[in-house]
Amino acid sequence: MLDAKIPLEGASDHGVSEAIYLRDPDDNGVELYWDRPQAQWPLTADGKLAMFTRRLDLTNLLAEAGDAPDAQVEAPLFEPARNT
């Protein structure tokens, strides 16, 4: 995506998963994510799931994949609208 210069709309760490958000050529929103192993999910002191939404560290993610960029890579925090 970096090589193709595809812009990211956002990148989020949800504790249980990491996600990046972009648009396809037809302007459809696309979410690419992976779930962390359940043993890595954040829990409260009483053992309940403690999901969150934080900015995803893209530079670290690329480094983990062996593709460390020459400069810091960032994308805005993406928080999808939630129905209440």
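The following questions and answers go through a predicted model of a protein chain.

Reader: How do you know how far to trust the model, and what are the ground rules?

Author: Residues are numbered from 1 along each chain as its sequence is written, and side-chain values use heavy atoms, without hydrogens and water. As the model is predicted, local features need pLDDT of at least 70 and side-chain atom pairs count only at pLDDT 80 or more, while totals for chains, interfaces and linings use all residues. pLDDT is the predictor's confidence in each residue, from 0 to 100. The protein chain averages 84, and 79% of the residues score at least 70. Among its elements, S3 has the highest mean pLDDT (95) and helix H1 (residues 58–64) the lowest (82). Where pLDDT is low, the predicted coordinates should not be read in detail.

Reader: What makes residues 8–13 a strand, S1?

Author: Strands are DSSP runs of E with at least two residues, helices are runs of H or I with at least four, and both are numbered from the N terminus. Residues 8–13 carry the name S1 under that scheme.

Reader: How many bridges join S2 to S3?

Author: Seven bridges join them, and the two strands run antiparallel. Leu22 faces Val30 in S3, and Ile20 has Leu32 as its partner there. In this hairpin, five residues lie between the strands, and Asp27 takes a positive phi near 70°.

Reader: Which strands stand at the edges of the sheet?

Author: The open sheet has four strands in the order S3-S2-S1-S4, with antiparallel pairing. S3 and S4 are at the edges, each with a single partner strand, so one side of each has no neighbour in the sheet.

Reader: Why is S2 described as largely enclosed by the rest of the structure?

Author: Six of the seven residues of S2 are buried, and therefore the strand is largely enclosed. Buried means under 20% relative accessible area, exposed means over 50%, and partly exposed lies in between (1.4 Å probe, protein chains only).

Reader: Why is Arg55 called exposed?

Author: Arg55 has 51% relative accessibility, so it counts as exposed. Arg55 is placed in strand S4 (residues 54–55).

Reader: What makes the contact of Glu18 and Arg36 a salt bridge?

Author: A salt bridge needs a side-chain nitrogen of Lys or Arg within 4 Å of a carboxyl oxygen of Asp or Glu. The closest N and O atoms of Glu18 and Arg36 are 2.8 Å apart, so the pair qualifies. The bridge links distant parts of the chain, with Glu18 in strand S2 (residues 17–23) and Arg36 in the loop between S3 (29–35) and S4, 18 residues apart. Glu18 has a relative accessible area of 11%, so it is buried. Arg36 is also buried, at 14%.

Reader: How many salt bridges does the structure hold?

Author: It holds five. One of them joins Arg23 to Asp27, with the closest N and O atoms 3.9 Å apart. Arg23 is partly exposed because its relative accessibility is 37%, whereas Asp27, at 52%, is exposed. Glu9, Arg23 and Asp27 are linked in a network of salt bridges. The side chains of Lys48 and Asp46 also meet in a salt bridge, at 4.0 Å from N to O, and both residues are exposed.

Reader: Why is Ile6 called partly exposed?

Author: Its relative accessibility is 36%, and so Ile6 counts as partly exposed. Ile6 lies in the segment before S1. Together with Met1 and Leu32, Ile6 forms a nonpolar patch on the surface, with about 240 Å² of accessible area together. Patches are made of residues with over 30% relative accessible area and no salt bridge; like charges are joined within 9 Å, and nonpolar side chains (Val, Leu, Ile, Met, Phe, Trp, Tyr) within 5 Å. The areas come from the Shrake-Rupley method with a 1.4 Å probe, and for residues only the protein chains shown count as cover.

Methods:
Two strands pair if DSSP finds at least two bridges between them.
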